[in-house]
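Dear colleague,

Please find below the structure that I am handing over to you, with its sequence. My notes on what was found in it follow directly after.

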Amino acid sequence: MAMIVDVLSWVFLLTGSFLGISGGFGMLRFPDFFTRLHAAGVTDTLCAALILLGLMMQAGWGLVAVKLLFIILFLSFTSPVAAHALARAALHGGLKPLLNRAEEDPSKS
Amino acid sequence: MFVAATLAILVTMGLALIRALRGPTVYDRILAVNMFGTKTVLFIAVFGFLTGRPDFLDIALVYALINFIGIVAVLKFFEYGGLGHAAKTSYEKEDG
């Protein structure tokens, strides 16, 4: 039983690490602010939740697991709110989404 | 295996930092700093487990909250041009 929990926690940790790296590359490679927001917002929630869940399985029952659970709760509340506030502020600040690359002028970067 | 997770989080933090330095608009920079802060929370947690002393989780907990407050404050500053007055001036946008 402990073996199964151990292997499952490693799988969670490695999947979370892969999602984090893919989010970082998407952050660097995507052409537009809103696509970058997609990359960052998706990986912020799932990568953080998976890594902290793997750590929680490593820690076992106790105060450490409760602290990790609170970090998961706070991150899953604050990260989508921050992403929504960023998108709304960017739209309010006059940043337009990149709809079609063929018709658009290369004014973006 | 904690080493692999720590290295992956460090690589992600580096990529987010490159975007924060290169970002064309200010919102890209704020987004990159937000991602950097979230990955810092994860890094503190994983590093506590790596060194066998998971006492840093309190710091990670506080960092998650302060990161959110800071991001919202910086966003409000850049949207309205100040922190105190709520939506007094509509922000005149100038590209660049």
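Helices here are DSSP runs of H or I with at least four residues, and strands are runs of E with at least two, both numbered from the N terminus. By that reading, chain A has three helices and zero strands, and its elements run α-α-α from the N terminus on. Please keep in mind that this is a predicted model.

**Overall form of the two chains**

Chain B likewise comes to three helices and zero strands, in the order α-α-α from the N terminus. Of the 109 residues in chain A, 37% are buried; for chain B the figure is 35% of 96 residues. In chain A, 63% of the contacts between residues at least 6 apart in sequence join residues at least 24 apart. In chain B, the corresponding share is 38%.

**The contact between the chains**

The contact draws 41 residues from chain A and 41 residues from chain B. On the side of chain A that touches chain B, the elements giving two or more residues are α1 (2-29), α2 (33-59) and α3 (63-92) of chain A. The largest share of that side, 15 residues, is supplied by α3(A). By class, the side of chain A that touches chain B holds 27 nonpolar, eleven polar and three charged residues.

**The nonpolar core**

Which residues touch the most other members of the largest nonpolar core? In this core of 50 residues, they are A:Ile51, A:Leu52, A:Ile71, A:Leu86, B:Ala45 and B:Val46. At least two residues of this core come from each of α1, α2 and α3 of chain A, and likewise from each of α1 (2-22), α2 (26-50) and α3 (57-80) of chain B.

- A:Ile51 is located in helix α2 of chain A. It counts as buried because it has 29 C-beta neighbours inside 10 Å, the cut-off being 20 or more. Leaving aside neighbours within four places in sequence, A:Ile51 is in contact with A:Leu13, A:Gly16, B:Ala5, B:Leu42 and B:Val46. By contrast, A:Leu95, 44 residues from A:Ile51 along the chain, has its C-alpha atom 33 Å from that of A:Ile51.
- A:Leu52 also lies in helix α2 of chain A. With 28 C-beta neighbours inside 10 Å, A:Leu52 is therefore counted as buried. Not counting residues up to four places away in sequence, A:Leu52 touches A:Leu68, A:Ile71, A:Ile72 and B:Ala45. A:Leu52 and A:Ser9 are 43 residues apart in sequence, while their C-alpha atoms are 9.6 Å apart in space.
- B:Val46, again leaving aside neighbours within four places in sequence, is in contact with A:Ile51, A:Leu55, B:Phe2, B:Ala5, B:Thr6 and B:Ile9.

**Helix α2 of chain A**

After α2(A) comes A:Gly60, whose phi is positive, near 80°.

**Helix α3 of chain A**

The 30 residues of α3(A) should span 44 Å at 1.5 Å a residue; the end C-alpha atoms are 43 Å apart, so here too there is agreement. Buried residues in α3(A) include A:Lys67, A:Leu68, A:Ile71, A:Ile72, A:Leu75, A:Thr78 and A:Ser79. Further along α3(A), A:Ala82, A:Ala83, A:Leu86, A:Ala89 and A:Ala90 are buried as well. What covers the buried residues of α3(A) includes α2 of chain A, together with α2 and α3 of chain B. α3(A) is followed by A:Gly94, which has a positive phi, near 95°.

With kind regards

Terms used:
Residues are numbered from 1 along each chain as its sequence is written. Chains are lettered from A and ligands numbered from 1 in the order in which they are written. This is a predicted model: local features need pLDDT of at least 70, side-chain atom pairs count only at pLDDT 80 or more; totals for chains, interfaces and linings use all residues. Two residues are in contact if their C-beta atoms, placed from the backbone, lie within 7 Å. Ala, Val, Leu, Ile, Met, Phe, Trp, Tyr, Cys and Pro count as nonpolar, Asp, Glu, Lys and Arg as charged, and the others, Gly among them, as polar. A residue is buried if 20 or more other C-beta atoms lie within 10 Å of its own, exposed if 12 or fewer, and partly exposed in between; C-beta atoms are placed from the backbone. A nonpolar core is a set of buried Ala, Val, Leu, Ile, Met, Phe, Trp, Tyr and Cys residues joined through C-beta atoms within 7 Å. The expected span of a helix is 1.5 Å times one less than its number of residues.
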